[in-house]
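This report describes a single protein chain through its charged contacts, its ring pairs and one of its sheets. Please keep the sequence and the model in view while reading.

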Amino acid sequence: QVQLVESGGGLVQAGGSLRLSCAASGLTFSTYYMGWFRQAPGKEREFVARITWSAGITTYADSVKGRFTISRDDFKNTLYLQMNSLKPEDTAVYHCAAARRAATYDYWGQGTQVTVSS
C-alpha cells in the first residue's frame, strides 16, 4: 500500500520560511517523479514544483521560482520543499504526489496546511 505523508506545515509570518517533508512508503521511491501541489480555499489545485527521478531535474511554477526549492533524499524515501520569503498568497494546503510517468500522478498525500500571515 502506497502512502505519502506530508509534514512541516504551520503558521508563519510573511517573509518567513518553512520546510515541508513528504515521507513515502510502499513504492520504489527512487523511480518516481515527485511533485508538490497546493490548493487554497475556493481555488483549484495548482502545480508548485516537480523533481525527476535519477537526474533530479527540477521545475517550478513562476509564482514560487526563486523562493521555493524542491529536493529529494532517495535513501530516506523523502521529498522536501524549502519555502523562503513566504507571502500571504502562499497560504494553502500543500500536497505531495508521485508519478511513475511524467505529469501523470498516481499517488497523493493528504496534505499539510501552510498559513502565511501578513
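## Charges over rings

The charged end of Arg72 is placed over the ring of Phe29, 4.7 Å from the ring's centre. A charge counts as sitting over a ring if NZ of Lys or CZ of Arg is within 6 Å of the ring centre and within 35 degrees of the ring normal. Arg100 likewise lies over the face of Trp53, at 6.0 Å from the ring centre.

## Basis of the values

The model is predicted: local features need pLDDT of at least 70 and side-chain atom pairs count only at pLDDT 80 or more, while totals for chains, interfaces and linings use all residues. Residues are numbered from 1 along each chain as its sequence is written, and side-chain values use heavy atoms, with hydrogens and water left out.

## Salt bridges

Side chains of opposite charge can pair when their charged atoms come close. A salt bridge is defined here as a side-chain nitrogen of Lys or Arg within 4 Å of a carboxyl oxygen of Asp or Glu, and the count by this rule is 5. One of them joins Arg38 to Glu46, at 2.5 Å from N to O. Arg38 is buried, at 5% relative accessible area, whereas Glu46 is partly exposed, at 35%. (Buried means under 20% relative accessible area, exposed over 50% and partly exposed in between, with a 1.4 Å probe and protein chains only.)

Asp90 and Arg67 form another salt bridge, at 2.7 Å from N to O. This pair links distant parts of the chain, 23 residues apart: Asp90 is in the loop between strands S8 (78–83) and S9 (92–101), and Arg67 is in the loop between strands S6 (58–60) and S7 (68–73). Strands (E, at least two residues) are DSSP runs, numbered from the N terminus. Both Asp90 and Arg67 are buried. Arg38, Glu46, Arg67 and Asp90 are linked in a network of salt bridges. A further salt bridge connects Asp62 with Lys65, at 3.1 Å from N to O, and Asp62 is exposed, at 67% relative accessibility.

## Aromatic pairs

There are 5 aromatic pairs in the structure. In Phe37 and Tyr105 the ring centres are 5.0 Å apart and the planes stand at 85°, so this pair is edge-to-face. Phe37 belongs to strand S4 (residues 33–39) and Tyr105 to strand S10 (residues 104–108), so the pair ties together parts 68 residues apart in sequence. Rings of Phe, Tyr and Trp (its six-membered ring) pair if their centres lie within 6.5 Å; planes under 30 degrees apart count as stacked, over 60 as edge-to-face and the rest as tilted.

Phe37 is buried, at 9% relative accessible area, and Tyr105 is buried at 17%. The rings of Phe37 and Trp108 have centres 4.9 Å apart and planes at 55°, so that pair is tilted. Trp108 is partly exposed, at 31%. Ring pairs link Phe37, Phe47, Tyr105 and Trp108 into a cluster.

## An open sheet

Four strands form an open sheet in the order S1-S3-S8-S7, with antiparallel pairing. S1 and S7 stand at the edges with a single partner strand each, so one side of each has no neighbour in the sheet. Two strands pair if DSSP finds at least two bridges between them.

S1 and S3 (residues 18–25) are antiparallel over 5 bridges, and Gln3 has Ser25 as its bridge partner in S3. S3 is joined to S8 by 6 bridges, also antiparallel.
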